[in-house]
Structures are given as C-alpha cells and as structure tokens.
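Morning, everyone. I'll take the helix packing, then the hairpin. Here is the model.

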Amino acid sequence: MCKQFPFIAACIVLISATVVFNVFTARALWQSKEFNFIPILVIEEIVFLFTLLNFFQAAFTDPGVLQREKAEDDQNDFHTPLFKAVIIRNVSVRLKYCDSCNFYRPPRTSHCSMCNNCVENFDHHCPWINNCIGRRNYRFFFTFLLALSIHILMVLALSLYQIATQDPPWKEIPSMVIACVCVLTIFPIMGLLFFHIALLKMGLTTNEQVTHKFPSNTNPYTNGFWHNFSVIFCRSKPLRYVGYKSLCKQPARLKFLSSAGKDYQLQQDDTSSAYSINVENTNV
Ligand SMILES: [Zn+2]
Ligand SMILES: [Zn+2]
C-alpha cells in the first residue's frame, strides 16, 4: 500500500481536479454566450482522455523486465568476473554481473532496487506511476508528460478566463482552486518534459545522464534527435522477455550473458544489433 500511495494520489488528483473543472468551469464556459468554447472544450476532453490512457499504459506495461537465470554453481561463481567489457562503436562499455538475476546486464540495463528486476533501457523508477520506465513503456511515459502538460495549460487558461470574466471574481472559487493546482504542477511537469526532450536529443536515459556514464561526445547509442525519436516512437513495441522461454520453448535469448556465455546476441530489432560488439572478460 505504501509503495502504491504516490500512484493512487496521482490518480486522485488528476481525475478529481478534472471532474471539478468539468462540473464548474467547463459547464459555465459551455453555456457562455460571449464566445463559442465548445470546440476548445471538446479538444480539452480528448487531451485528458489521451493523458489518462498513456498514464495507465505507462503504469501497467512491462517496462522490459529481463527473465532471471538460475543461479550457477558456487565453484563457478568464484571464477565469474564482476564485469565484462564490450566495445560498442569504439566505446568500451562495462557489463556488470547481476547477483540477483544471475547474468551480465546487457548494455543500458540496470537493476531496479524498488522492483528487484533488471530492466532493459532502464530510465528510472517512477513512484507516481509505480513502475520502472524502460524500453517497452518509455514512449507511454513521454507521451503522458506531453499530454499532461497540454491538459494543464488548457485547464489553467480556461480557468483564468472564467475568473477574469466574472464579477466579482472570487465567486469562482472552484476555478480558483483548479488554477492554483495547475500553477503548482505545471512547472515540475514541464521541467521534466523539457529534460526528457534534452535526453532524447542526447540519446541518453535518465540513469545514464545522472550517473555521467558517457562523458561528452562518447555516447555510442545516439544517432541524432530524429533517429533517437523514431527508435522510441515509430517502431513496434518490443516483445516481453518474461515468459518467453515457456511460450516459445526455445533457449533463453540472454543465455550468452551467463557467466559461461561467450557470444553476444540481441533481439533482431534492437538498435544495438547494428553495432560491432566485442566481448572480453575483465575484473576492473
Ligand atoms: Zn538484476
Ligand atoms: Zn522499478
């Protein structure tokens, strides 16, 4: 319950604030004889539904959890180096052995301490949606931020209009409350949106940015803003890893990442598959 509290609070604030706006402000504007607000209000409601849709998709989509491998023999563990180095586009990237999941984490993968899973293209763990943001749900998270920013700006502008055109203005208490909620939330949400636009431009995840993983101009994963954008938003959603073995009755796609693995394979549609990758053991 404690872990889910921010998610439940975010749902309540988002939905209840919009209901109050619809019941008081939007209804008054709908009946306005001074200006035809109906098309604007219809667009606003569509944006709100789109926001909710992406919010729940980000919250309930598997972010790219990698299926755990069985723990290997204790004798073998002694010889397992902590890191493997791979060369991706002439940049050395270290893969750390995950003791919880029993494999070398693929490039851009991190173990989330909140979910206790390794997540591919791990961006961060978002308490507000109670889920990791990773390869499979980043697009929903980004679209949610974009739609939520537009939703708040529209609600704020319409509420301010309603307050300004009433005489006396303080009669519009619901619109004032909604405007205050919008002012308090718009800055952190738009700040986060612009931060993720900058990350898209650099081709980095939040995790890579805050840990300064790649000093300037050494990020092997970026191909420019539009390519980075198309990789995330224009390709079909990657398949889930969890349940893959039982579904397909094939060896794990990540077997090469076990301590004994030698070769390196990635999913066919993985952007890294175009990179030349050499693997070597290292304890450094
Ligand atoms: Zn792990
Ligand atoms: Zn997580």
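One term before we start: a crossing is left-handed if the near helix is turned anticlockwise from the far one by less than a right angle, and right-handed if clockwise. Keep in mind that this is a predicted model.

Now apply that term. Helix α1, residues 5-30, passes helix α5 in a left-handed crossing. Helix α5 covers residues 173-202. The two axes come within 9 Å and cross at roughly 145°.

Which residues of α1 and α5 meet? On the α1 side, we have Ala17, Val20, Phe21, Phe24 and Thr25. Facing them in α5 are Pro174, Ser175, Ile178 and Val181. By class, the residues of this contact of α1 with α5 are 7 nonpolar, 2 polar and no charged.

Next, α4. This helix spans residues 138-164. Helix α4 packs with α5 at an angle of about 150°. Their axes are 8 Å apart. Angles over 145 degrees count as roughly antiparallel, so α4 is roughly antiparallel to α5. The residues in the contact of α4 with α5 split into 20 nonpolar, 6 polar and no charged.

Last, the hairpin. Strand β1 is residues 83-88, and strand β2 is residues 91-98. They run antiparallel, joined by 6 bridges. Take Ala85 as an example: its bridge partner in β2 is Arg94. The hairpin has 2 residues between the strands. Look at Arg89 in this hairpin: Arg89 takes a positive phi near 50°.

That's the tour. Over to you.

Technical notes
Residues numbered from 1 in each chain as written. Chains lettered and ligands numbered in written order. Predicted model: local features only at pLDDT ≥ 70, side-chain atom pairs only at ≥ 80, totals over all residues. Pairing = 2+ DSSP bridges. Helix = DSSP H or I, 4+ residues; strand = E, 2+ residues; numbered from the N terminus. Axes fitted to C-alpha atoms, helices over the stretch in contact; angles between N-to-C directions. Contact = placed C-beta atoms within 7 Å. Nonpolar A, V, L, I, M, F, W, Y, C, P; charged D, E, K, R; others polar. Parallel < 35°, antiparallel > 145°, perpendicular 65-115°, else oblique.
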